[in-house]
Amino acid sequence: MNQFVEKYGQILLPLITPYDENEEVNYERYGELIDYVIEKDLCDSLIVTGTTGEACLLTFDERVRLMETAVKAAAGRKPVIA
């Protein structure tokens, strides 16, 4: 097994970014999504704004806050990849 797989596992999940009714990032729901994914053991690692296409629509500050939210919500239970 290579070092990457040992560290991050085989299932890396690109998370969607939830928005509220005002088209603002919903960080609370994002944390809830991460809790759900971890509690159901649906992946080995979490990818923040990775491959679902919304990264180009977010400001730098929004991307940073999403990463901070993900790290806090994961609380060391799963690796978080930016």
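Reader: What makes the radius of gyration of the protein agree with that of a compact globule?

Author: The protein has 82 residues, for which a compact globule would have a radius of gyration near 12 Å; the value here is 13 Å, which agrees. The radius is taken over C-alpha atoms, and the globule rule is 2.2 Å times the number of residues to the power 0.38. Along the principal axes, the C-alpha atoms fill a box of roughly 45 × 25 × 15 Å.

Reader: On what kind of model do these values rest?

Author: The model is predicted: local features need pLDDT of at least 70, side-chain atom pairs count only at pLDDT 80 or more, and totals for chains, interfaces and linings use all residues. Residues are numbered from 1 along each chain as its sequence is written, and side-chain values use heavy atoms, with hydrogens and water left out.

Reader: How many helices and strands does the protein have, and in what order do the elements run?

Author: There are three helices and three strands, and from the N terminus on they run α-β-α-β-α-β. Helices (H or I, at least four residues) and strands (E, at least two) are DSSP runs, numbered from the N terminus.

Reader: How do you know that strand 1 and strand 2 pair?

Author: Two strands pair if DSSP finds at least two bridges between them. Three bridges join strand 1 to strand 2 (residues 45-47), and therefore the two count as paired; they run parallel. Within this pair, Leu 13 stands opposite Leu 46 in strand 2.

Reader: Why are strand 1 and strand 3 said to stand at the edges?

Author: The three strands form an open sheet in the order 1-2-3, with parallel pairing. Strand 1 (12-14) and strand 3 (80-81) each have a single partner strand, so one side of each is left without a neighbour in the sheet.

Reader: With which residues is Thr 17 in contact?

Author: Contact means heavy atoms within 4.5 Å. Leaving aside neighbours within four places in sequence, Thr 17 is in contact with Val 25, Tyr 30, Thr 49, Glu 54, Leu 58 and Leu 66. Among contacts in the protein between residues at least 6 apart in sequence, 65% join residues at least 24 apart.

Reader: What makes Glu 21 exposed?

Author: The relative accessible area of Glu 21 is 72%, so this residue is exposed. Glu 21 is placed in the loop between strand 1 and helix 2 (27-39). From C-alpha to C-alpha, Glu 21 and Lys 72 are 24 Å apart in space, and they are 51 residues apart in sequence.

Reader: What are the phi values of Glu 23 and Asp 41, and why do both residues count as exposed?

Author: Glu 23, in the loop between strand 1 and helix 2, has a phi near 65°, a positive value in a residue other than glycine. Its relative accessibility is 66%, so Glu 23 counts as exposed. Asp 41, in the loop between helix 2 and strand 2, has a positive phi of about 50° although it is not a glycine. With 54% relative accessibility, Asp 41 therefore counts as exposed.

Conventions: Buried < 20%, exposed > 50% of the residue type's maximum accessible area, 1.4 Å probe, protein only.
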